[in-house]
Every structure is written in C-alpha cells, then in structure tokens.
Amino acid sequence: MKDKYSIAQRNQVVEENLCCIDTVLRRHQGWVRQARLEYDDLYQSLALCLILSVEEYDSSFGPLRPYLYRQLQEELRRIYEQTKITVL
C-alpha cells in the first residue's frame, strides 16, 4: 500500500531530496557526456521521475532515499539507452 502524502507533504519530500538528482548525475557523468545529453533537459526529466517516485513510494520498498536513488538511476539508464539507440 502506498504511503499517503498530501500535495504539500509530497512537495516538501521532493524538495528535501532534490540533491539525489545531482548525486546521480555526478556519478554517471560519463553517460551524460557520451550521449551528449542536455543537462537542463536531463535534470527536468529526473525531477519528474523524483516526483512520481515519491508519489508511488511504499514503505515496504525500504527506506525512501535508497529507493529514490534506484528510481533515478533507472530513469537515467533508460534515457541513456534510448539516446544511444537513436544516435546509432
């Protein structure tokens, strides 16, 4: 069962975890460079992923922050693979 957040609570949780986006981008900067992804577009896509992940979060998934990191890394991987296919 999903944890229920009001919109204000969700927004607060998202704001508190925006640093996760920067961390994921820093860890995978090679992908970003190799795929020639625009930083602003990528940040916006990952921010949307973060919002949706907070909405879908269920405490049975484990602690929130590691869950968010996994979701953001998967989204970045998806974007990278999609870009790699398009470039070829």
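**Helix packing**

Mentor: Let us begin with a crossing: α1 passes α4 in a right-handed manner, meaning that the near helix is turned clockwise from the far one by less than a right angle. Helices here are DSSP runs of H or I with at least four residues, numbered from the N terminus. This is a predicted model, in which local features need pLDDT of at least 70 and side-chain atom pairs count only at pLDDT 80 or more, while totals for chains, interfaces and linings use all residues. Residues are numbered from 1 along each chain as its sequence is written, and side-chain values use heavy atoms, with hydrogens and water left out.

Trainee: Which residues of α1 and α4 meet?

Mentor: Contact means heavy atoms within 4.5 Å. On the α4 side the residues are Leu50, Ile51, Val54 and Glu55, and they meet, in α1, Arg10, Val13 and Val14.

Trainee: At roughly what angle do the axes of α2 and α4 cross?

Mentor: Axes are lines fitted to C-alpha atoms, for helices over the stretch in contact, and angles run from 0 to 180 degrees between N-to-C directions. The axes of helix α2 (residues 19-27) and α4 come within 10 Å, and they cross at roughly 130 degrees.

Trainee: Where does arginine 36 lie, and is arginine 36 buried or exposed?

Mentor: Arginine 36 sits in the loop between α3 (29-34) and α4 (39-56). Buried means under 20% relative accessible area, exposed over 50%, and partly exposed in between, with a 1.4 Å probe and protein chains only. Because its relative accessibility is 73%, arginine 36 counts as exposed.

Notes: Helix = DSSP H or I, 4+ residues; strand = E, 2+ residues; numbered from the N terminus.
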